[in-house]
Every structure is written in C-alpha cells, then in structure tokens.
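Hello,

Here is the structure we talked about handing over. Please have a look at it before reading on.

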Amino acid sequence: MKMTSNQFPDFGLTPEQRREAVLGHYFEYPGMDGERGEIWCYTDAYAYPPGATVRLQVSSTAALFELEIVRDGAVETPVMKRSGIAARWQDTPDQCSVVGCGWETTLEFQVGADWSSGAYRVTLTAEGRDRSPIRCHHLFIVRPEAGRKPGRVLQVAATGSWTSYNTWGGSNHYQGITGPNRDQYATTVSIERPFCRGFVQLPIDAPRVPLEIYSAMAVAPRYPHMEWAYANGYSKKYASSGWASYDSHFFRWAEREGYAVDLASQHELHFNPEILDGYDCVVFVGHDEYWTWEMRDAVDTYVERGGHAARFAGNFMWQTRLEDGGKRQVCYKYRSRAEDPAYRSADQTRTSGSWEAAEIGRPGASTFGLNATRGLYVGWGGCAPRGARGFPVYRPEHWAFAGTGIYYGDILGAEGHAFGYEVDGLDYIIRGGLPEPTQDSGAADGLEILALGMSSLKEESADIPADDQFLSDADAKFVAETLIGDTGEAAVDRVKRGCGMIVNFPRGKGEVFHAGSCEWVAALMRGDAMVERVTANVLNRYLKR
C-alpha cells in the first residue's frame, strides 16, 4: 500500500472500480466464491451464559472442516479445537438477510464453566476444491451470570449496530435487495446469518473511516476504507461496525491495563436488564447507533439507582424493535413515517425512527447527554475532511483530565485521531469562552460540556461531482425534517453544522460520562497516552479505585 502525508493510498483500482467501491452494492452471498468453494457459519444467539449449549449452523462445499475457538482478549486464549467435523451445503432463502438462513444445526457444544466472560472467535477451516484452504470467522459472547461484581467493568457490545450493518445475504439497514426492484434497504434484518467479512477479524493495516492523510487543497476527497474493502474482498461496512473495528479495541486495552472486564450484548439490556445491577461501571464504546426502548429503560434505571455509565461512542440515533425473541431487528429509519405500522398506531412512541422525532418523544440526550442529529460526520468525504482529529478542550480543570497536563484550547486525542467518523453533540452557545447547552437542546440538568469539536451533516464539496458523493445532503434533509418539519434549503442550512462533545452530568444517584466519538477506541488502539489517561480517570472514579 502506497501512502504519503498528502496522497491517497493506491489499492490498484481503476477510477471506475473506485466509484463502484463507494457507490455500488456488493455483498457476501452463498456461492460467491464459485469453483473454489466456501464455508459459512453462524450461531443461534449473540451471547450465552456459562454452561449453555451453542448451536453452530454451517454451510460448506467441503465435506469436513476444522473448528478452533479462542477467547479474543488482551491475550488470545484457545478454548476448543476439533477436526474432522462433517458438513454439507445448505440451501439459503433469497431474503435470508430478512428471514434468516434457516440452516440446520451442524454442531452443538457447551460453554465451559471456566470460560470467562468475553468474546469468543470461531474459525472454521476446510479444503477448497482447488485444495487451498477456505475459512470463515464468527463470534459469540459469553456473558456473565447475574450477581454483584465489585471492581469489575461491564462492557456492552454494540450488537444492534452489528445487526444493522451486516451485509451478508444482500440486505441491511443501509442497502439491500428488498422491495419490488430489489434495491431497497431492509426494514427488518435477521441475526440468523453469518457475519460479513471484516466484522470478526481484520488485518492490522485495514483503513479506518476517517482519513489518515491530509489531502491537498482542491483535491476531491476519497473513501479509502471502501476502496480497500472492494480490492481485498471485504464487506464495505467492515469499518462501520463489528467487533474487529470497534468493540475489541476497548476490551483488549482494558484487560491490558489490568481492569477486570465482562462482556454482554445489547440483547441482555433488552431481555435481562438486571445484569447491570451487579456493576458500578457499565461501558459503551465505538459505533453504537441502534437501541430499543427497553435497552434505554435499562440504562436509565441503572443510572438513576446509582450506577455509572461511561460511553466512549458515537452516533446515538435510531430506535429499533426486536421480534421473534430477539432474532429479528426492525428499523424503518428514513421511511418510518411512511411505512412503519407503529407510526399509524395508537402508540407512536415505538416508531422505529430517530429518537429526536416528535412522535417518539424521547430525545437521545435524556439518556447519554448527547444525540446524533446534532453531531454526525467528521473526517471523511466532504464532511470536515481536514478538521481537528481530537477534541478541543474547554474545561481542563475537570476531574476527567487530571494528570493529562492539558490546557484550555488543547486538542485531546489528536495523536490517536480520537475525534472522527460519527460524533454526538448538542445545540450550544459560547458564553465567556465556554460552551453551554441551549435551553431547548434537551440537555440533562447539571450537564457540563468539557470539550467540543466541529462536524457536518452535509457533504459540501466543490471538488466532488454530486453524483460521486457518498454522504451528500440526505442526512441533513432528514434531520431538518425531523427537527424542523421542513427539508427546504433554509431548514437544511440551520441543521447542517454539527459538533462532537465530551460531557458529564449527574442523574439521580448515578452519573454519566460521554465522549461522543466512534473513534475514541481507535486512539486507545494507537496508544494515545492522553486518551488512555482520561479513560482510566473515568473508570477509576466509577469503580472507586
């Protein structure tokens, strides 16, 4: 890969291929590898308690495969290895992304009583028709048992976003093969399918969404992560969600730093909210965009009773609903007012649209202090591509910054590029050199804005032809309609300038700290000492260390 300080990386694609990489809809599907053969798998749930039975569904062109399972923490720990397992090719419905693959169980095994809570990576290896290896990766979570866990952190994996972005089978909440012309995103998606390539494991040099270069003036922005995905056979959404790009980096960092960390899926918040009660500190990280009403209830109740929620994540945007015991996720998104039955029901609050919509009436800021409609894009496309790569700090005297040596106006996390991709914010004013939330921002009582950077909801670029813009103005128009009720130019102009913030506020007997950026975990991965210290300050305070 060629890269300089001001030159886009070259992955060997033609201009036409680069355009297809960004604007095309390419995805994983059964039979895509042709004569070489392939193997795919998924489990029957995202998370299991110790002692539970895991059911593995496999479809393979090879008659036999090997299985290896490792716990993917600070140290990779093998827990199971088997070979000579029989498999067969299983037919898959055309709309498997929506209804699930429906494969029969190939193998059952039990979660060991000694398997500590965490993420467990499954690797299947078989022989292709050309005698070279074929592989697939999957992941499941071993969740903790309920009960008091003093001194331990509970990390909640962003499995709602994993479900939303998974491209396997052709449809997710962004693009799809649903609708009369097979060109619409799916309003319902299933967890009963494999993860797309890149969600579980990635090469260390896989590009992240925010640009790692400073492009020259009047040079059209590009999207290296999607170009890399297209050139190397990965999902174009690998950098938008998944264990490999986001959740894993916090989990490994925390274990390396000596914290005791347990892992749960968001499904536990929905179905077993009591799991939170055993922890003094619950953490949410990375790209954490999709939540159910019940998941928010769980966090709100936990904090009100004295819990501490630390969110190092961005893009708190959409309400979802779960069906079929959590096997399927519903989110109509931009089409919610036109198509979601909940919008036409007696109780519109469960409409699967933006939390900021009047019919839902539950602004995102009431849970985590910030929301996505006042934040969004940083560092890619025509959205602040050369902006600050960290958070400009306004209140350096705050306890979260102790020991960092940071000053008013310094940029927190610039070294590790902590500020980027998608961020969360609030409407604000500057008074006496300090930001304050506006009265109608929805900010919680006592909320302090500690740091604040600029973002954009609209891809504005004189250098990119409109037909080549990936982000364009669609989100700005949607936010204008949601907040103002109008998609006209004046309304878009009122909402297109966003921000990303770090905030802290008390709630009931508890407290919330929110660094509203997807890329905070990337700075931990890169060893940004200042970001590491702030993260430790938050965890230590909430764990009473």
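This is a predicted model: local features need pLDDT of at least 70, side-chain atom pairs count only at pLDDT 80 or more; totals for chains, interfaces and linings use all residues.

Aromatic rings first. The whole structure holds 45 aromatic pairs. Take F312 and W520 as one of them. Their ring centres are 5.7 Å apart and their planes meet at 20°. Planes under 30 degrees apart count as stacked, so this pair is stacked. Where do F312 and W520 lie? F312 is in strand β16 (residues 308–314), and W520 is in helix α12 (residues 520–525). The pair therefore ties together parts that are 208 residues apart in sequence. F312 and W520 are both buried.

This pair also belongs to a cluster linked by ring pairs. Its members are F250, W253, Y259, F312, F391, W399, F419, F513, W520 and Y542.

Next, the charges. R541 has its charged end over the ring of W399, 4.2 Å from the ring centre. W399 is one of the cluster residues. K237 lies over the face of Y174, 4.8 Å from the centre of that ring.

Last, the backbone. Most residues other than glycine have a negative phi. Two residues to look at here are A384 and H417. A384 has a positive phi, near 45°. A384 sits in the loop between β19 (371–378) and β20 (391–392). H417 also has a positive phi, of about 60°. Its place is the loop between β21 (411–412) and β22 (421–425).

Are these two buried or exposed? A384 is partly exposed, with a relative accessible area of 26%. H417 is buried, at 5%.

Best wishes

Notes. Residues are numbered from 1 along each chain as its sequence is written. Side-chain values use heavy atoms; hydrogens and water are left out. Rings of Phe, Tyr and Trp (its six-membered ring) pair if their centres lie within 6.5 Å; planes under 30 degrees apart count as stacked, over 60 as edge-to-face and the rest as tilted. Helices (H or I, at least four residues) and strands (E, at least two) are DSSP runs, numbered from the N terminus. Buried means under 20% relative accessible area, exposed over 50%, partly exposed in between (1.4 Å probe, protein chains only). A charge sits over a ring if NZ of Lys or CZ of Arg is within 6 Å of the ring centre and within 35 degrees of the ring normal.
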